[in-house]
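Hello,

Please read them next to the coordinates.

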Amino acid sequence: MRQQLAAANWKMNLTLQQGETLLNEITSASIELLAHQKAVFAVPFPYLSFAQSKLIGSKGFEVAAQNCYHKKSGAFTGEVSVEMLKSINVNYIVIGHSERREYFNESNQQLADKINLILEAGITPIFCCGEPLAIREAGTQNDFVAVQLKESLYHLSAEQISKIVIAYEPIWAIGTGLTASSAQAQEMHAHLRAALSGQYGSAVANTIPILYGGSVKAANAAELFSQPDVDGGLVGGASLIATEFVTIIKSLK
Ligand code: PGA
């Protein structure tokens, strides 16, 4: 069975103390994850080790970094390398979030470089893709995301790509309260899987989890996750509220 993930993206929110309270509330909610399910917390860099210590004992709970640098090491003041994250046992790294692409000018090529470093380290990348509103309105979203996949992922071997997680996040639905309908999400996820299948074959494409992101909340998670090609969610705003995120985790199939 394909892996399913409920991934929290805290972004640049919460003090350490607020984060601790949130993790305490979530871990005390007695959530029983099945073997193919994970709850992942993409917390700010300074909290990674602390969050790991809070999640010990919660089976299937993991931390993720929200980003990494696209070079191995060296004179890049303020950046964090994959090797550093590996050395503190981080198992997931989110890359290519639309906020990184937009505000920090991250290119598809830089993301390809990041993917290589992450896979080399044996870490799972959560690769974000998704179209802006103008592209959705023009009806060219399928081509747009296909280019994102092609330019950042298609240099990978079948064995490598089967180790990644994809998050489809339509930019017009992020933090806006607008959610893609479950039908729109399923349509795009099926398109992504078909594109991966065309490149790598269906056996490989069928193993790759594809998460939906963009205003996922307790009230819509079960409906979104019930779609055959939606394998969980990457959640911003609602992941900062314990009751919301607990319900979202429990909505995994
Ligand atoms: P949102 O953010 O759930 O607040 O829309 C999702 C994301 O950016 O990952």
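At 31% relative accessibility, Phe76 is partly exposed, whereas Tyr69 is buried, with 18% (buried is under 20% relative accessible area, exposed over 50%, partly exposed in between; 1.4 Å probe, protein chains only). The model is predicted: local features need pLDDT of at least 70 and side-chain atom pairs pLDDT 80 or more, while totals for chains, interfaces and linings use all residues. Residues are numbered from 1 along each chain as its sequence is written, and side-chain values use heavy atoms, without hydrogens and water.

The structure holds 5 aromatic pairs (rings of Phe, Tyr and Trp, the last by its six-membered ring, with centres within 6.5 Å; stacked under 30 degrees between planes, edge-to-face over 60, tilted for the rest). Tyr69 and Phe76 make a tilted pair, 5.0 Å centre to centre with 45 degrees between the planes. Tyr168 and Tyr212 are also a tilted pair, at 6.4 Å and 55 degrees. Tyr168 is in strand E6 (residues 165-168) and Tyr212 in strand E7 (residues 210-213), so this pair ties together parts 44 residues apart in sequence; helices (H or I, at least four residues) and strands (E, at least two) are DSSP runs numbered from the N terminus. Both tyrosines, Tyr168 and Tyr212, are buried. Ring pairs also join Phe41, Phe61 and Phe245 in a cluster.

In helix H5 (residues 108-120), the buried residues include Leu111, Ile115 and Ile118. Just after H5, Gly122 has a positive phi of about 75 degrees.

Regards

Technical notes:
Expected span 1.5 Å × (residues − 1).
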